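Let's take a walk through this one together, starting with the overall build and ending at a single residue. Keep the viewer open as you read.

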Amino acid sequence: MTIPPRGSRIVVGMSGGVDSSVAAALLTDQGYDVIGLMLRLWSEKEGENRCCAPDAQMEARRIAAQLEIPFYVIDARDAFFEVVVQPFIDGYGSGTTPNPCLNCNRHIRWQFLLSRAKALGAGVIATGHYARIRKGDDGKYQLLKNLDPEKDQSYFLHVLTQEDLKRTLFPLSEYTKPEVRDLARQLDLSVADRPDSQDLCFVGQDSYRDFLRKIDPSLVKPGPILDLKGKRLGEHSGLADYTIGQRKGLGIAGPEPYYVIDKDSITNSLIIGSKSELGRDTFDVDGINWIEGESPTGPIDADIKIRYKSRTVPGKISPHSGDQAKIELREPLPDITPGQAAVFYQGQICLGGGTIRKEGR
Amino acid sequence: MKRIYLDYAATTPVDERVITAMLPYFKDGFGNPSSVHGFGQAADKALDESRRSIAAGLGAKPDEIIFTSCGSESDNLAIRGSALARREKYGHNHILISPLEHPAVQATADQLAAHYGFEVGYLPVDPDGSVVEGSLSDHLRQDTALVSVMAANNEIGTLNNIHHLASDCRERGIPFHTDAVQYAAHHPLDVDQSGADLISLGAHKFYGPKGVGVLYVRPGTELLPIQTGGSQEFGLRAATENIPLIVGMAEAFRLVQEEGAARRERLIPIRDRIIDYVLENIPHSQLTGAPSANRLPNHASFVFKDLDGNLLIQVLDSEGYACSSGSACKTGDPKPSSVLTHLGFAPDWSLGSLRISLGKDTTGGEVDQFLEILPGCVQRVREVS
């Protein structure tokens with residue numbers, strides 16, 4: 001992030017929520033020529049994507065009017081379906097648990113938005129994310145955790161490139177969420193108390209499981225529940241209904257509680273086992289984005305985060321062949337889930353991350 | 001940043017002279033024209049004078065002028081009012097319109113079809129968007145209740161030969177309605193010359209206020225009121241008349257009669273300069289609608305291949321130029337315009353539409369500035385479309 005000169009044009013991605021509204025307000029206040037942009041995204045039910053539903057759009061429009069900045073809505077539905085929703089469906093089809101927010105950030109909230117911003121004469125975009133960008137001594141941009149660890153979104157932003165970071169501002173990086181809500185109140189923004197968005201924005205009132213069933217019933221078929229030796233213990237309702245490490249809802253009695261250990265999409269079997277059989281300390285990731293722009297030449301020590309809400313665990317990353325790496329954790333984790341992202345940190349710096357690979361057991 | 005408005009077909013600012021004419025009727029002359037007392041009588045006088053003034057501008061009689069709340073309401077009253085009246089009287093069930101009508105006509109016809117059992121037929125149009133001459137007789141039926149064809153299209157600026165259509169209808173005793181909301185903002189309109197039985201006008205397209213319109217109703221035209229209540233407007237439109245807006249509309253319309261020819265004469269060469277410049281300097285561009293001779297004097301509309309028209313409008317706005325596009329919509333829904341689709345434009349063209357409409361005070365200098373930046377903006381938008 002290079003601080004743009006006062007008065008220069010900045011496009012703020014607005015969702016009608018408190019974070020992006022305050023981001024827009026702060027930049028407007030600092031004298032930038034701010035344009036509010038909302039992307040219209042695909043939704044299971046037309047007009048119900050939570051990031052751009054009519055009420056969210058009305059809120060964003062109201063905030064823009066209050067700030068006296070232009071506000072435009074740009075259609076991104078086709079692109080969103082293609083690069084976010086379809087891979088999400090395909091991911092479940094191959095027995096993984098994809099995180100669509102990562103593709104959305106990479107392709108929609110950055111690539112797509114940056115290109116539109118450029119057309120609108122803005123070299124820089126700003127969002128309401130909680131993370132920091134710093135220009136290092138080597139001239140490269142670094143992504144840092146947010147100062148408030150309670151609200152650090154760097155996990156979702158590890159997909160950004162040098163080019164993205166160069167053209168991005170996070171105006172909220174110095175604030176905590178409660179401070180942002182206070183700011184919204186001080187600025188008299190009507191969105192101060194809007195609840196945070198949750199769940200998948202493109203899935204309607206139902207769960208993602210119902211969504212998958214509706215999109216393609218063949219994705220969620222009942223099948224056998226097996227133990228690690230291949231013994232049949234029961235029947236599951238569809239692999240997409242389960243996550244790795246899950247204990248509740250298996251409906252199988254045993255001497256000790258069972259946990260979901262693996263999902264075998266080829267045989268459509270759910271593999272369960274005891275707590276001692278759960279967990280791994282070694283796994284592979286692919287599709288790695290190294291924020292610095294290139295992969296380290298040898299193994300490095302880093303802290304690794306395998307889910308947004310999980311703690312980081314120290315480990316070793318050994319890059320091999322292109323954008324892949326082998327991860328060895330200092331301690332095993334019970335819920336290493338293929339399809340989710342493993343994100344690497346050294347201290348405050350986010351090095352990048354990749355997708356946890358499914359492997360033959 | 002100085003903003004330049006080039007969207008006068010959407011709406012216009014109220015003329016200072018119109019504001020001056022209206023002002024007394026908000027406060028001092030606030031009476032209800034139906035009241036017996038002096039306040040009412042003063043308001044009634046203003047109403048009567050306004051009606052006479054508009055009638056004079058149209059070559060009509062005062063009692064043929066019905067004040068409404070807008071052009072859309074006039075269309076609604078004309079279409080729904082005459083369809084229902086004709087069905088009641090003659091059992092007619094067929095409505096014949098052009099396929100490029102304003103939504104106020106189209107959606108009213110659609111509702112009559114969906115909920116009242118009418119059938120809607122469409123007249124053929126040529127590639128410019130004009131109803132094909134001589135096509136009417138092939139499409140009229142024994143039970144045709146009315147025919148409606150707009151005088152000028154809002155999106156592509158094309159004019160229709162209303163006189164011909166109206167005469168054909170007249171011969172068969174079928175009422176003919178025309179939405180002249182765009183047309184009457186520029187061209188003189190004489191009810192006898194045009195021959196239409198029902199004519200819709202809206203004040204805000206010609207520097208009058210929003211919220212007031214007129215339906216001209218030829219004597220003898222069967223019409224049921226669609227807003228019932230008091231007996232205002234000869235029983236055709238219940239509601240206390242909005243005197244300030246009506247006075248404003250009359251003044252604005254008087255100014256069109258007085259200044260219209262000069263406005264047209266000045267704007268036509270500027271409009272033609274836009275058309276020539278765009279077609280020459282922007283690759284893969286096409287004019288939509290009719291060539292100069294048969295289009296609104298202030299109206300130039302285009303499609304650009306492989307371009308997100310919505311984004312172009314936003315980019316132009318961010319550069320300080322306010323234009324519109326037939327398919328543009330502030331909610332970001334890029335449905336291709338039904339008008340352009342009907343005219344045979346595929347989505348790779350129709351989604352990239354741009355309408356530039358000039359105002360009586362638009363200068364050649366402003367248009368030159370605009371034309372200077374337009375090709376670059378088109379290029380920038382194309383790069384990401």
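What follows goes from chain A as a whole to one of its sheets, then to the domains of chain B, and finally back to a loop in chain A.

First, some housekeeping: this is a predicted model, so local features need pLDDT of at least 70 and side-chain atom pairs count only at pLDDT 80 or more, while totals for chains, interfaces and linings use all residues. Residues are numbered from 1 along each chain as its sequence is written, and chains are lettered from A and ligands numbered from 1 in the order in which they are written.

Chain A has eight helices and 17 strands (DSSP runs numbered from the N terminus: H or I of at least four residues for helices, E of at least two for strands). Its radius of gyration is 22 Å, close to the 21 Å that the globule rule gives for 361 residues, so chain A is as compact as a globular protein of that length (the radius is taken over C-alpha atoms, and the rule is 2.2 Å times the number of residues to the power 0.38). Of those 361 residues, 47% are buried; with C-beta atoms placed from the backbone, that label needs 20 or more other C-beta atoms within 10 Å of a residue's own, exposed means 12 or fewer, and partly exposed is in between.

Now find the open sheet of five strands in chain A, with order 3-2-1-4-7 and parallel pairing (two strands pair if DSSP finds at least two bridges between them). Strand 3 (71-75) and strand 7 (168-169) of chain A are at the edges with a single partner strand each, so one side of each has no neighbour in the sheet. Strand 1 (residues 9-13) and strand 4 (residues 124-126) of chain A run parallel, joined by three bridges, and A:Val11 sits opposite A:Ile125.

Over in chain B, the domain assignment (automatic or from a database) gives domain 1 (4-11 + 260-384) and domain 2 (16-255). Their C-alpha centres are 28 Å apart. Each domain of chain B puts 20 residues into the contact, where contact means C-beta atoms, placed from the backbone, within 7 Å.

Back in chain A, where is A:Thr243? Look in the loop between strand 9 (232-236) and strand 10 (259-264) of chain A. A:Thr243 is partly exposed, with 13 other C-beta atoms within 10 Å. Beyond its neighbours within four places in sequence, A:Thr243 is in contact with A:Thr97, A:Val260 and A:Thr337.

Technical notes. Two residues are in contact if their C-beta atoms, placed from the backbone, lie within 7 Å.
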